[in-house]
Amino acid sequence: MNVLGIETSCDETGVALYSTERGLLGQALHSQIAMHERYGGVVPELASRDHVRRVLPLARQALEQAGLSLADLDAIAYTEGPGLAGALLVGAGIGASLAFALGVPAIGIHHLEGHLLSPLLSKDPPEFPFVALLVSGGHTQLMDVTGVGRYAFLGDTLDDAAGEAFDKSAKLLGLGYPGGPAIAALAAGGRPGRYALPRPMLHSGDLDFSFSGLKTAVLTAVKRGLPDDQARADLAAEVEAAIVDVLVAKALRALEQTGHRRLVVAGGVSANRRLREKLAQATERNGLRVHFPELHLCADNGAMIAFAGAQRLQAATGSGPTAASTSAALPADGGAGSAAIDGFMVRPRWPLDSLPAL
Ligand code: KG4
Ligand code: ZN
């Protein structure tokens, strides 16, 4: 089965072709970072308009790379939510229309399920069950994962997400957007410890996060004055260390609490090198394993959407008893495909633990 995946939830247009027999065959991506940079963050209306311009040329590119044509597609998967409503509507509208025109099923995918399953696309994929640490620009969540669609919340952020903490701290340091890679680059020339930033909720005893206090502490340090470039680098290193310390401690606690032996980390922040190193060390020390997506699949992309779509469609068309669609609004008996015929919808807010299991 060949599934075309379309991702347009935020500031990346991603289209990819995943084959259940042959794996990832084609991938095309356009980042809007340069367009949003001058505004210091994503401008939703500009994002939507740019997705409109990009989706079809990128789809053509992904198909060409795969050596396939539209007639070879067996299904279209698109991001249904969560994300920016207008941006989501572009991918959903094009995905559903394309599916309708081709007479193939369309399926709406939960963006975070895409991230969460993306490490399964790597050469050494994790087996279920595992603890998932989802760290993106808008989410910081720990989930107990026992199968596709079987996601139970263990912890969540009470305010800012980890990615947001990187982005906001970067802004305070006068760095560009997105802040994560900018902080990481500056931190490479600095050392943590010179500035003492808080590790929010490190000892809260639960699995929740809070990063808004960190931003306030960074603001205080910046206001006091950073004498030179080394001071800026040291502060960036401390920001990165503070966020990573909290993520590592809570992820380990989640593993302890669930008794699972595997940790899966996904979302944009999973590209962070310090986070990868510290989690690898900590899990190894405890005889546990950690899995990351391949670096090119950490940020938003079409491949994770195509892959999640393929998992759900396969379950629906194969021997699995459940409907493929992640969307509760689509009739279970209609399953995949009804989206193309009956219209489509998006879910800007959509809790991950409300998805049907396979
Ligand atoms: O998953 P993602 O690409 O988009 C969302 O779904 O939100 O995550 C974007 C977030 C941004 O906050 C960005 O600053 C952060 O991921 N990020 C990083 C790194 N690369 C991206 N944070 C820390 N270190 C990185 N290397
Ligand atoms: Zn994302």
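Trainee: Which domains does the shell around ligand 1 draw at least three residues from?
Mentor: Bearing in mind that this is a predicted model, the shell takes at least three residues from each of domain 1 (2-116 + 299-354) and domain 2 (128-292).

Trainee: And which residues come nearest to ligand 1?
Mentor: There are 19 residues around ligand 1, and those that come nearest are G137, D167, G180, G268 and N272.

Trainee: What do the backbone atoms of G180 and G268 do there?
Mentor: A backbone N or O atom of G180 sits 2.9 Å from an oxygen atom of ligand 1, and a polar backbone atom of G268 is likewise 2.9 Å from an oxygen atom of the ligand. For G163, the distance from a polar backbone atom to a ligand oxygen is 3.1 Å.

Trainee: How much of ligand 1 does the protein bury?
Mentor: The protein buries 84% of the 560 Å² that ligand 1 exposes when taken alone. Helix 4 (111-117), helix 5 (162-172) and helix 6 (179-187) are the elements giving two or more residues to its shell.

Trainee: What's the make-up of that shell, by residue type?
Mentor: It divides into 11 polar, 6 nonpolar and 2 charged residues.

Trainee: Switching to the zinc ion, which protein donors does it have?
Mentor: The donors are H111 (NE2), H115 (NE2) and D300 (OD), at 2.0 to 2.1 Å from the zinc ion, which is ligand 2. Their spacing in sequence is H-x3-H-x184-D, and the pair of H115, in helix 4, and D300, in the loop between strand 10 (289-291) and helix 10 (302-317), links parts of the chain 185 residues apart.

Trainee: Are H115 and D300 buried or exposed?
Mentor: Both H115 and D300 are buried.

How values were computed: Residues are numbered from 1 along each chain as its sequence is written. Chains are lettered from A and ligands numbered from 1 in the order in which they are written. This is a predicted model: local features need pLDDT of at least 70, side-chain atom pairs count only at pLDDT 80 or more; totals for chains, interfaces and linings use all residues. Side-chain values use heavy atoms; hydrogens and water are left out. A residue is near a molecule or strand if one of its heavy atoms lies within 4 Å of it. A polar contact is a pair of N or O atoms within 3.5 Å; within protein, one must be able to donate a hydrogen and the other to accept it, and residues adjacent in sequence count only if both atoms are side-chain atoms. Accessible areas come from the Shrake-Rupley method with a 1.4 Å probe; for residues, only the protein chains shown count as cover. Helices (H or I, at least four residues) and strands (E, at least two) are DSSP runs, numbered from the N terminus. Ala, Val, Leu, Ile, Met, Phe, Trp, Tyr, Cys and Pro count as nonpolar, Asp, Glu, Lys and Arg as charged, and the others, Gly among them, as polar. Domain bounds come from an automatic or database domain assignment. Donors are N, O and S atoms within 2.8 Å of the metal (3.2 Å for Na, K and Ca); water is not among the atoms, so sites may look incomplete. Buried means under 20% relative accessible area, exposed over 50%, partly exposed in between (1.4 Å probe, protein chains only).
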